[in-house]
Amino acid sequence: MTGEILLQPLLYGLQSGVTYIIIALGLTLIFSIMNILNLAHGEFYMLGAFSILYLSGLLHINYILALFVSMVIVALIGIFCERVFFRPVIGEMAPTIIVGIGLMWVIRAAAQLIFGRQPRGMAEIWQGSLTFLDVNISESRIMAGIISVLLVGVMYFFVYRTKLGRAIQAIAQDRETAALQGIDIDRVGILGFALGCALAGAAGGIMAPIFFIDATMGIDVLVKSIAIIILGGVGSIPGAAIGGLVLGIVESYGHTFIGYPASLLPFLIIILVLICKPTGLMGRKL
Amino acid sequence: MKRSSYFAVASYIVLLVILGLIPILVDNQYYLGIITSILIDILLAVSLWFIITTGQVTLGHAAFASIGAYISAALVSVYGQSSLIGLLAAIAIAAIVATIIGYITLRITGIYFLVVTLAFGEIVRIFFGMVEHPFGGLNGLMNLPAPDPIPLPGLGAIDFVSKRSLYYPIMIFTFLSAVIIHRLYRSQIGTVHRGISQADNLAEHVGINIMAYKLKAFVLGSMFSGLAGVLYTYVNKSILVSSFTLEQSTIYLLYVVVGGEANIAGPIIGAIILNIVSVILRPIQAFEPIIYGLLLIAAVVFFRGGILSLVQNARYHVLSLIRDSHLTK
């Protein structure tokens, strides 16, 4: 019995942790390529969740296919935002932040107008649950965990093993040198931005069958993903992975044993890491 | 006293007279209420602007307003202290918290400072939501009393029950705070602030203790934010967990950015114009964040420097037109 109480939060935390990794990867990708801390990142997560709600929940398209389609939709919205709003101010810290805040408001309010203010739920794709060491865990969560792990694996392969991924790494290390080596910074930048938004959208789509969907759900996710990349080290993929798992698991235990005060956790992480070890666990020098 | 100082004093007096006449000219209670809350927003915008002139953009400004509001409200309504003690304690505690937070976080710059202050603001919000006694937990504190009447010897007392009588203390607090900030910015301190925000390395190398200036500006700005929080409880008679959130902090930033950062008129103009926009948009309130968001983006993408720069450009064009017409004559 006591084992169950300790194991249940671990499994739930692992699942949400793996999904957090995807969102944080998107945020850290955009930050390291474009030097933009995209404060509208959570809104792309929300858009991904609503896309799945409509595609899979209401139009009954196959869930995996719908997940791909929603990633494409969110990526296109991301490309539009980058071209129109971020491009004119790129490279400047305060203006990019302000554009991000503006986009956050616009997208959230537009979503409230289009999708309504009520939280929406969608039917579970996989009914039923598995029992593992006396712990009951729903199949939706297991599938969400598996899809997330696969996606993180694909991202890892993409960044470290493909040519485009290496171009992204090069830009993250040194923009100008990368440009001198013949990398088209502009093209890789927009691809990276689109990919970052698509990852946020994918995470939204993965979480959609488990949680309620609501137009204001972006801000929580944004804060969590900022905490993750700061904990892991800004710009580091292994760092985002560790940060995501740590936050997911600790948060899950926190909500089980402490309750409401556990929502302080991401903020405490941000403050403590930036004060004590600003490079994060795996980060380079700032 | 320099000639420019006489000019400044004269314009302060003119401004004070105009502000003092507003409740007499505006008969409508609804509009007077709006003007009063615009004054509080001006105080918040101006104090945020003063911090931003040192180059530190904070997203935790509303947190200090909520500290001020909660401390004052709890002392007055839960512990039965006088309004004056509530006000002073609120400002003092805002100053203490700002000193501690500023001392720890101001060495962080740029985007990381923004993220740290964002986190601090959210921690404050969650903290007040957690503490049932004396801050009322998630329900906040309701039905707060109006500020204590001020006794006048031989003439009875001034009470602050009606909207019109409440306007004056808020106007005076906002006016005095704005004048203090304006005087500081026009002094050598303002010059140093500009130096720090433009080239902090250079400022440090010519022997300016930039940490000290940043900390002083942060503490002072946060104290005024705390004061604004206290004034908010006088007007709204309640303080809720949702009164001062991250959303509010971003709105104050919007005032500064849309108004312009070049001088103190920017945040004031920004607060006034955006509040008027918000009143006009009230029938279609759902669209308000969309328009605010687009304005915010437009302010950095299309008219950099805010409304102030538009005004300055227009003045430049008018002046050059006049000069040209003079030349052709």
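This is a predicted model: local features need pLDDT of at least 70, side-chain atom pairs count only at pLDDT 80 or more; totals for chains, interfaces and linings use all residues.
Residues are numbered from 1 along each chain as its sequence is written, with chains lettered from A and ligands numbered from 1 in the order in which they are written.

The contact (C-beta atoms, placed from the backbone, within 7 Å) draws on 24 residues of domain 1 and 19 residues of domain 2. On the domain 1 side, two or more residues each come from H2 (29-52), H3 (61-78), H5 (110-130) and H6 (163-186) of chain B; these helices are DSSP runs of H or I, at least four residues, numbered from the N terminus. H2(B) gives the most, with ten residues. This side of domain 1 comprises 16 nonpolar residues (Ala, Val, Leu, Ile, Met, Phe, Trp, Tyr, Cys and Pro), three charged (Asp, Glu, Lys and Arg) and five polar (the others, Gly among them).

H2(B) packs against H10(B), residues 246-259, at about 75 degrees, with the axes 9 Å apart; axes are lines fitted to C-alpha atoms over the stretch in contact, and angles run from 0 to 180 degrees between N-to-C directions. The two helices are therefore roughly perpendicular (65 to 115 degrees). Here Asp41(B), Leu44(B), Ala45(B), Leu48(B), Trp49(B) and Ile52(B) of H2(B) meet Tyr252(B), Leu253(B), Tyr255(B) and Val256(B) of H10(B). By class, this contact has nine nonpolar residues, one charged and no polar.

Technical notes: Two residues are in contact if their C-beta atoms, placed from the backbone, lie within 7 Å. Angles under 35 degrees count as roughly parallel, over 145 as roughly antiparallel, 65 to 115 as roughly perpendicular and the rest as oblique.
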